[in-house]
Amino acid sequence: MSVEMARPVVGAVNVAMLAGLAQFLSAFLFAWAYARHARLRRDRAALDLRWDTQDRTRHIAGGAS
């Protein structure tokens, strides 16, 4: 480990530990942001597409019989 990463920050916590915690925090932040985006935007678009497809299929099946 390099000297810069071993530099103590507070008590037994050093720069390397803070960098590791920052990785976990950023991973959870990105996962939360993507899940929120998917729930608000992508899920709605997929639902709209499904309803449009079902409507078109119903019209085709209804017109053929």
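Colleague: Why is Arg58 called partly exposed?

Modeller: In this predicted model, Arg58 has a relative accessibility of 49%. The class runs between the buried limit of under 20% and the exposed limit of over 50%, so Arg58 counts as partly exposed.

Colleague: What makes the pair Asp55 and Arg58 a salt bridge?

Modeller: Their side chains meet at 2.8 Å, N to O. The criterion is a nitrogen of Lys or Arg within 4 Å of a carboxyl oxygen of Asp or Glu, and the pair therefore qualifies. Asp55 and Arg58 are three residues apart in helix α1, so about one helical turn separates them. Asp55 is partly exposed as well, because its relative accessible area is 31%.

Colleague: How many salt bridges does a search of the whole structure find?

Modeller: The search finds two. Besides Asp55 with Arg58, the side chains of Asp48 and Arg44 meet at 3.5 Å, N to O. That value is within the 4 Å limit, so this pair is a salt bridge too. Both residues lie in helix α1, four residues apart, which is about one turn of the helix. Asp48, at 34% relative accessibility, counts as partly exposed, and Arg44, at 49%, is likewise partly exposed.

Colleague: Why is Asn14 called buried?

Modeller: Its relative accessibility is 14%. Buried means under 20%, so Asn14 falls in that class. Asn14 is placed in strand β2 (residues 13-14). Leaving aside neighbours within four places in sequence, Asn14 is in contact with Met5, Ala6, Arg7, Pro8 and Val9.

Colleague: How do you know that the side chain of Asn14 makes a polar contact with the backbone nitrogen of Ala16?

Modeller: The side chain of Asn14 reaches that nitrogen at 3.2 Å. The limit for a polar contact is 3.5 Å, and the distance therefore meets it.

Colleague: Which residues make the nonpolar surface patch?

Modeller: Val9, Val10, Val13, Met17, Leu18 and Leu21 make a patch of about 520 Å². The elements giving two or more residues to the patch are β1 (8-10) and α1 (15-64). Helix α1 gives the most, with three residues.

Definitions and conventions
Residues numbered from 1 in each chain as written. Predicted model: local features only at pLDDT ≥ 70, side-chain atom pairs only at ≥ 80, totals over all residues. Heavy atoms only, no water. Patch = residues over 30% accessible without salt bridge, like charges linked within 9 Å, V, L, I, M, F, W, Y side chains within 5 Å. Areas by Shrake-Rupley, 256 points an atom, 1.4 Å probe, with all protein chains shown as cover. Buried < 20%, exposed > 50% of the residue type's maximum accessible area, 1.4 Å probe, protein only. Polar contact = N/O pair within 3.5 Å; in protein donor to acceptor, adjacent residues only side chain to side chain. Contact = heavy atoms within 4.5 Å.
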